[in-house]
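Let's walk through this model together, from its overall form down to a few side-chain contacts. Please have the sequence and the 3D view at hand.

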Amino acid sequence: MLNNFDKVLERHGKLAELEQRSDQLLDMSSAFSKTTKTLAQQKRWENIRCRVYLGLAVAVGLLIILIVLLVVFLPSGGDSSKP
């Protein structure tokens, strides 16, 4: 009977330790989830910012090409010769 009582106490101690470890794991998983959400949001904004910069670079490039084409193909008003 005393042996059974010792086993019950030992089992209770192991269960308490297991419960404590499970609580720690729950806290760690909550922190991990919060960190992943924050990181995902940061990466999303970084991706949007990169796309905006790329769009601006393309728009500036197209604007420069358009200005060059207008200068080359449009006759200038200053040096027009009259017959």
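How many salt bridges does the count come to? Taking a salt bridge as a side-chain nitrogen of Lys or Arg within 4 Å of a carboxyl oxygen of Asp or Glu, the count comes to three. Before we visit them, a word on the ground rules. This is a predicted model, in which local features need pLDDT of at least 70 and side-chain atom pairs count only at pLDDT 80 or more, while totals for chains, interfaces and linings use all residues. Residues are numbered from 1 along each chain as its sequence is written, and side-chain values use heavy atoms, with hydrogens and water left out.

Let's begin with the whole chain. The protein chain holds one helix and zero strands, where helices (H or I, at least four residues) and strands (E, at least two) are DSSP runs numbered from the N terminus. Its radius of gyration, taken over C-alpha atoms, is 36 Å, well over the 12 Å that the globule rule gives for 83 residues, so the chain is more spread out than a compact globule. That rule is 2.2 Å times the number of residues to the power 0.38. Along the principal axes, the C-alpha atoms fill a box of roughly 125 × 10 × 5 Å.

Buried residues make up 0% of the 83 residues; buried means under 20% relative accessible area, exposed over 50%, and partly exposed in between (1.4 Å probe, protein chains only).

Over residues 1-46 the chain is 98% helix and 0% strand, with the end C-alpha atoms 67 Å apart.

Now for the salt bridges themselves. Lys14 pairs with Glu10, their closest N and O atoms being 3.4 Å apart. Both lie in helix α1 (residues 2-73), four residues apart, about one turn of the helix. Lys14 counts as exposed at 53% relative accessibility, whereas Glu10 is partly exposed at 48%.

Further along, Glu17 meets Arg21 in a salt bridge (3.8 Å, N to O). Four residues apart in helix α1, Glu17 and Arg21 are separated by about one helical turn. Glu17 is partly exposed at 43%, and Arg21 is partly exposed at 46%.

Finally, Glu46 bridges to Lys43, with the closest N and O atoms 3.8 Å apart. Here the spacing is three residues in helix α1, again about one helical turn. Glu46 is partly exposed at 41%, as is Lys43 at 47%.
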